[in-house]
Amino acid sequence: MMDKPEEPTPEIEELDASTAIEVEQETSRALGKETRQVLFAVLMVAAFMTVVHFTPLKDWLTDVKRWKDLVREFGWGAHAIFMGACAGAVMLGVPRLPMCAAAGLVFGFGEGLVLSLVASTLGSYGAFVLSRHGFRRAVESRAEKWPWLKKLLKKPSVLRVFWVRQLMVPGLVLNVLLGMTPVKHTRFLLGTLLGYMPLNVAFSLVGSGLGKGSLLTTLTQLLGALAVINIAAWLVYRVMKKQKKG
């Protein structure tokens with residue numbers, strides 16, 4: 001029996017003028033808010049760690065090292081517990097960024113980034129799958145706050161899934177709306193993974209910097225977090241302008 005030929009990939013539908021303007025405004029507002037969030041977290045961590053390194057609070061760093069040693073002794077069980085808890089929370093609509101910072105603090109930047117990125121993507125995928133099986137009524141009414149979002153996601157590509165992940169729209173709402181579109185599972189997963197990466201990297205760096213024994217290392221990681229989010233904002237802005245011209 002011959003395999004069915006793959007359907008041609010639908011072209012990205014151009015937005016009408018009014019929707020394009022609204023999307024541009026929302027994107028600019030979201031990027032500004034994300035940058036402020038990261039900057040606030042960076043300043044708070046920098047101030048706290050400066051105080052820690054030059055006061056008797058320095059003993060707190062010893063406690064952090066002790067916690068990390070306990071996690072390391074627990075082995076892969078700790079990773080599995082964190083991933084399960086993070087994925088479940090994201091699937092239910094809990095913001096993922098505090099969990100990204102916690103992962104960076106407990107597991108370090110590299111492991112924390114991988115764990116939080118995979119877990120938050122799987123959690124979003126769980127909500128996406130459930131929405132395709134009818135579990136979406138409670139969220140559909142919330143989506144009415146963003147009428148332009150449905151137009152943007154009418155024919156979602158990987159690029160558009162990445163794009164909407166940068167907007168200040170609750171992740172659960174996006175997962176359900178995407179579940180109501182014909183987007184393929186692979187596109188959803190790839191677009192979500194890439195879309196989550198900038199803020200996951202930034203907050204994993206911030207969280208990891210919170211437990212470093214060297215103030216210089218902490219400040220370097222915090223500057224790295226600011227660089228990541230600014231580069232990501234610039235790239236999204238360029239994509240937005242290109243889509244608008246197209």
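Modeller: Accessible areas here come from the Shrake-Rupley method with a 1.4 Å probe, and for residues only the protein chains shown count as cover. On that basis the chain exposes about 13500 Å², and carbon and sulfur atoms supply 67% of that area. Please keep in mind that this is a predicted model, in which local features need pLDDT of at least 70 and side-chain atom pairs count only at pLDDT 80 or more, while totals for chains, interfaces and linings use all residues. Residues are numbered from 1 along each chain as its sequence is written, and side-chain values use heavy atoms, with hydrogens and water left out.

Biologist: How many helices and strands does the chain have?
Modeller: The secondary structure comes to 11 helices and 0 strands, where helices (H or I, at least four residues) and strands (E, at least two) are DSSP runs numbered from the N terminus. Read from that end, the elements run α-α-α-α-α-α-α-α-α-α-α.

Biologist: And what share of the residues is buried?
Modeller: Of the 246 residues in the chain, 44% count as buried, with buried meaning under 20% relative accessible area, exposed over 50% and partly exposed in between (1.4 Å probe, protein chains only). As for contacts, meaning heavy atoms within 4.5 Å, residues 24 or more positions apart account for 81% of those in the chain with a separation of 6 or more.

Biologist: Let's look at helix pairs; at what angle do α3 and α5 cross?
Modeller: The axes of α3 (residues 76-91) and α5 (residues 109-131) cross at roughly 40 degrees and come within 7 Å. Axes are lines fitted to C-alpha atoms, for helices over the stretch in contact, and angles run from 0 to 180 degrees between N-to-C directions. That angle makes α3 oblique to α5, since angles under 35 degrees count as roughly parallel, over 145 as roughly antiparallel, 65 to 115 as roughly perpendicular and the rest as oblique.

Biologist: Which residues of α3 and α5 make the contact?
Modeller: On the α3 side they include His-79, Phe-82, Cys-86 and Val-90, and on the α5 side they include Leu-115, Ala-119, Leu-122 and Gly-126. By class, the contact of α3 with α5 has 12 nonpolar, 6 polar and 1 charged residues; here Ala, Val, Leu, Ile, Met, Phe, Trp, Tyr, Cys and Pro count as nonpolar, Asp, Glu, Lys and Arg as charged, and the others, Gly among them, as polar.

Biologist: How are α3 and α4 placed, roughly parallel or roughly antiparallel?
Modeller: The axes of α3 and α4 (residues 97-107) come within 11 Å and cross at roughly 175 degrees, and the two helices are therefore roughly antiparallel to each other. In this contact, Ala-78, His-79, Phe-82, Cys-86, Ala-89 and Val-90 of α3 meet Met-99, Ala-103 and Phe-107 of α4. Those residues divide into 8 nonpolar, 1 polar and no charged.

Biologist: Switching topic, how many residues of α9 are buried?
Modeller: Helix α9 (residues 171-179) is mostly covered, with 8 of its 9 residues buried. One of the buried residues is Leu-177, which has 8% relative accessibility. Between Leu-177 and Phe-128, which are 49 residues apart in sequence, the C-alpha to C-alpha distance is 8.2 Å.

Biologist: What about Gly-195, buried or exposed?
Modeller: Gly-195 lies in α10 (residues 185-209) and counts as buried because its relative accessibility is 2%. Leaving aside neighbours within four places in sequence, Gly-195 is in contact with Phe-162, Arg-165 and Gln-166.

Biologist: And which residues does Gly-209 touch?
Modeller: Not counting residues up to four places away in sequence, Gly-209 touches Val-45, Met-49, Thr-218 and Gln-221. Gly-209 is also found in α10, and this residue is buried, with a relative accessible area of 0%.
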